[in-house]
Amino acid sequence: MAIFDILIIGGGVAGVSCAQVLGSAFKKDFVKDKKVGIIMHQKASMLQDAVFFNAYGIKLGTLGRDLLEQSQKDLAYYQDIEQIKGEKVVSVYPQQGYFEVTTNRASYQANAVVVATNSSPSFDIDGLMQYVEPHKKSLPTKNRIQLMNEDHLVREGLYVAGTLAGHRSQLAIAAGSGAAVATDILTLWNGGIETHSHDSLRKK
């Protein structure tokens, strides 16, 4: 099995947003040979009970569960992104030069990992528990957690996005967090030269 350049954990807002930006960048020479995957398991997404009237670009009254389902379907537009469905990550351990990501069904190797699950205190991925700390922007009574990080980077090759990165539970913030991680990864792949990925009517 080929090693992933990036493996995203979580098919919610932050994870899918990260995957979309990476997917749109495959037109770039420094991305076209990369292997990117996303483990879609996000059973406990905070979107399940949401309804949106204040989210930019989202039709008024859209149900969170419908948005979650549609965004996962839309991700298939980027055929270079490998979607792994029906699996839950149980551990992430660094090895010599890569990460070993184990699910309830399989094991994967990745040069870098993006963790984009939610901030529930039920978080239980072995190998990452030493990074867990109380959520700094959530009410203590909610008992939310985050992973220790500096600008989404937990340690070399390990990123966190969304509410688990310490952001507030707001759709636009979670999506932007995932996109920010994607552009950091693209910049790294581009030899440290700042870059991002836009689709444009002017670019065919």
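Biologist: To start with the overall fold, how many helices and strands does the protein chain have?

Modeller: Keep in mind that this is a predicted model. Going by its secondary structure, the protein chain comes to 3 helices and 12 strands.

Biologist: What radius of gyration does the protein chain have, and how does that sit with a compact globule?

Modeller: The C-alpha trace spans about 45 × 45 × 30 Å along its principal axes. For 204 residues, a compact globule would come out near 17 Å. The chain agrees with that, as its radius of gyration is 16 Å.

Biologist: What share of the residues in the protein chain is buried?

Modeller: Buried here means under 20% relative accessible area. The chain still exposes about 11,200 Å², with carbon and sulfur atoms supplying 50% of that. Of its 204 residues, the buried share is 47%.

Biologist: On to the pockets: which residues lie nearest the centre of the largest pocket?

Modeller: That pocket has a volume of about 480 Å³. Helix 1 (13-24), helix 2 (64-74) and helix 3 (171-189) each give at least two residues to its lining. The lining has 19 residues, and nearest the centre are Val13, Ser17, Gln20, Ile58 and Ala175.

Biologist: Which element supplies the largest share of the lining of the second largest pocket?

Modeller: This pocket holds about 390 Å³ of space, and 23 residues line it, with Met46, Leu47, Ser169, Gln170 and Leu171 nearest its centre. By type, the lining is 13 nonpolar, 10 polar and no charged. Helix 1, strand 3 (51-52) and helix 3 each supply at least two residues. The largest share, 3 residues, comes from helix 3.

Biologist: Is Gly64 buried or exposed?

Modeller: Gly64 is found in helix 2. Beyond its neighbours within four places in sequence, Gly64 is in contact with Leu47, Ala50, Val51 and Phe52. Its relative accessible area is 0%, so Gly64 counts as buried.

Biologist: And how far apart in space are Gly64 and Glu82?

Modeller: In sequence, Gly64 and Glu82 are 18 residues apart. From C-alpha to C-alpha, the distance between them is 24 Å.

Conventions:
Residues numbered from 1 in each chain as written. Predicted model: local features only at pLDDT ≥ 70, side-chain atom pairs only at ≥ 80, totals over all residues. Heavy atoms only, no water. 1 Å grid on protein atoms, 1.4 Å probe; cavity = no way out; pocket = protein on both sides within 12 Å on 5 of 7 lines; lining within 4 Å. Points joined across faces, edges and corners; volume = space filled by probe spheres on them. Helix = DSSP H or I, 4+ residues; strand = E, 2+ residues; numbered from the N terminus. Nonpolar A, V, L, I, M, F, W, Y, C, P; charged D, E, K, R; others polar. Buried < 20%, exposed > 50% of the residue type's maximum accessible area, 1.4 Å probe, protein only. Contact = heavy atoms within 4.5 Å. Rg over C-alpha atoms; globule rule 2.2 N^0.38 Å. Areas by Shrake-Rupley, 256 points an atom, 1.4 Å probe, with all protein chains shown as cover.
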